[in-house]
Amino acid sequence: MWSKVSSVFWVSTAILLVAVLFGVIAPSQFEAATFSIKSMITSSFGWYYLILVTVIVAFCLFLIFSPVGAIKLGKEGEKPEYSKPTWFAMLFSAGMGIGLVFWGTAEPISHYADVPPMSDPGTDAAIKESMRFTFFHWGIHAWSIYALVGLCLAYFNFRKGTPGLISATLSPVLGKYARGRLPMLIDIIAVTVTVVGVATTLGFGAAQINGGLSYLLGIPNNFLIQLIIIVIVTALFLMSAWSGLSKGIKYLSNTNMVLAVVLLVLIFILGPSLFILNMFTDTVGAYIQNIIQMSLRIAPLEPGSREWINDWTIFYWAWWISWSPFVGIFIARVSKGRTIREFMIGVLILPVIVSFIWFAAFGSTAIDVQQAGAIDLTEYATEEVLFAVFNQMPFSAILSIVALILIGTFFITSADSATFVLGMQTSYGSLTPPNSVKIVWGIMLAAMAAILLYSGGLDALQNALIIAALPFSIIMILMMLSIYKALRKERAELGLTRRKKMQQM
């Protein structure tokens, strides 16, 4: 069994074990060290993150309208493995999941009533800004990052027959260096970044489950309870991981979508329906109008605004980058047989629309509750805001229970998917990694999430994300160059032209 495991597994686990031990033995020093490194990165490389992600968005949109969009992610004649509804459910569950539930009310409220991007707190201008910037953080920029990594992996793995490894997507640019220690280093970076990114999200999930139980039942909101939650959910997602991709993740993803739709419909019916529709319509227009300005906004002469950008926009770009190996590999795995154009439209457009609808419903409802004045949502911990909003609505107990179940299933799905991806990356790109390897990675994810919460709570989670994303961002630049070079060559070989593309459409 262990003969199928690559050197990447042993080196990556060693690095992560050192980090876990550091967090256990010296949690305060661990938090201080990550904070110091994070501050240096955000102050010195903020411009780099903004430009890089903007370029990635432009590149992904270019591929939709390019003749190479007709190229299939697989051999000619191969058909997709999953139906479109199941494919979309798996994309959405793996790509956003817990984050939407965690930040659905908390982020718009923070931008409106606590620290708005540009306006004064509590003003009408702050309401519009809150939704516009929330859309910005969860919109096409996030999914373009996922799409780039997923496209590279699907194209080289299914069409060119290379192993399903991050390093294997770089052969067109690495040339003679495509073998040896450099590819192994690239895969080690991808694995460690994936662990940190997913562990951070699991930490958010455990914190919010604890926050909900604390708000509803008076259970203490502390690390011990969060650790118990992590242990219980870890046991559940390891059972799912053992059952395999086609069973566990598929069924959980469909369950997630049903629960998410139920909760969304309930919020729309029980909440301020007209306000939600008006905010959605107005804010989508403002988002489209201001997308270029928001994409490159760094506020060099405004320290207060720059701090907000570091805490929110740079944090999100780092989060999406750190999640991109995991989400990219997973969406590549479930997208075999689709064309590049179909893949890009599916990954970029559909999840973004659903995310906008979600934030319009939950964010507008939270703002409406804040404006009513019965409670001040800014006084609640981030993980408790959602349940505080529910408490001001009819059938609050039902809403809270559905939300807790949804967080739990998203938690399990994300961790389940991650164990598959990590097993694949450390088993020479095998599409059927050994269960024993997946279990090791599941335990490592849980341990890392627990250590980050133990050493500094949500702040430590955010610090770790920003640090982990920087090295992988360089790899993403190489991936973009590599796929462009490979597609340009294949376009010439196939004789694809814009006229042929129009005929196929």
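**Entry 1**

I began with Phe59 and Phe62, which both sit in helix 2 (residues 27–65), three residues apart, or about one turn of the helix. I keep in mind throughout that this is a predicted model. Phe62 comes out at 39% relative accessibility and counts as partly exposed.

Then I looked up the aromatic pairs and found a count of 32. For Phe59 and Phe62 the ring centres are 6.4 Å apart and the planes stand at 35 degrees, so I wrote this pair down as tilted.

**Entry 1: a pair across the chain**

Next I turned to Tyr146 and Trp320. Where in the chain do Tyr146 and Trp320 lie? Tyr146 is in helix 7 (residues 140–159) and Trp320 is in helix 13 (residues 303–333), so this pair links distant parts of the chain, 174 residues apart. Their ring centres lie 6.2 Å apart with the planes at 80 degrees, so I have the pair as edge-to-face. I checked burial for both: Tyr146 is buried at 0% relative accessibility, and Trp320 is buried too, at 2%.

While on aromatic rings, I also looked at Trp87. The charged end of Arg338 sits over the Trp87 ring, 4.2 Å from the ring centre.

**Entry 2: the second largest pocket**

I moved on to open space. The second largest pocket has a volume of about 460 Å³. It is lined by 21 residues, and those closest to the pocket centre are Ala19, Phe30, Val196, Ala464 and Ile467. Which helices each supply at least two residues of this lining? I noted helix 1 (7–25), helix 2, helix 9 (181–217) and helix 18 (435–494). What classes of residue make up the lining of this pocket? I found 19 nonpolar and two polar residues, with no charged ones.

**Entry 3: the cavity**

How many cavities of 30 Å³ or more does the structure hold? I found one. The largest cavity has a volume of about 40 Å³. Its lining consists of Leu153, Asn157, Phe158, Ile329, Ala332, Arg333, Met424 and Leu431. Helix 7 and helix 13 are the elements that give two or more residues to this lining. By class I have six nonpolar residues, one polar and one charged in the cavity lining.

I picked Ala366 next, which has its place in helix 15 (residues 350–372). Ala366 is buried, at 0% relative accessibility. Which residues does Ala366 touch, leaving out those up to four places away in sequence? My list is Thr105, Ile109, Leu377 and Val389. I also took the spacing to Val385: 19 residues in sequence, and 8.5 Å in space from C-alpha to C-alpha.

My last stop was Asp376, in the loop between helix 15 and helix 16 (385–390).

Terms used
Residues numbered from 1 in each chain as written. Predicted model: local features only at pLDDT ≥ 70, side-chain atom pairs only at ≥ 80, totals over all residues. Heavy atoms only, no water. Phe/Tyr/Trp six-rings, centres within 6.5 Å; stacked < 30°, edge-to-face > 60°. Helix = DSSP H or I, 4+ residues; strand = E, 2+ residues; numbered from the N terminus. Buried < 20%, exposed > 50% of the residue type's maximum accessible area, 1.4 Å probe, protein only. Lys NZ or Arg CZ within 6 Å of the ring centre and 35° of its normal. 1 Å grid on protein atoms, 1.4 Å probe; cavity = no way out; pocket = protein on both sides within 12 Å on 5 of 7 lines; lining within 4 Å. Points joined across faces, edges and corners; volume = space filled by probe spheres on them. Nonpolar A, V, L, I, M, F, W, Y, C, P; charged D, E, K, R; others polar. Contact = heavy atoms within 4.5 Å.
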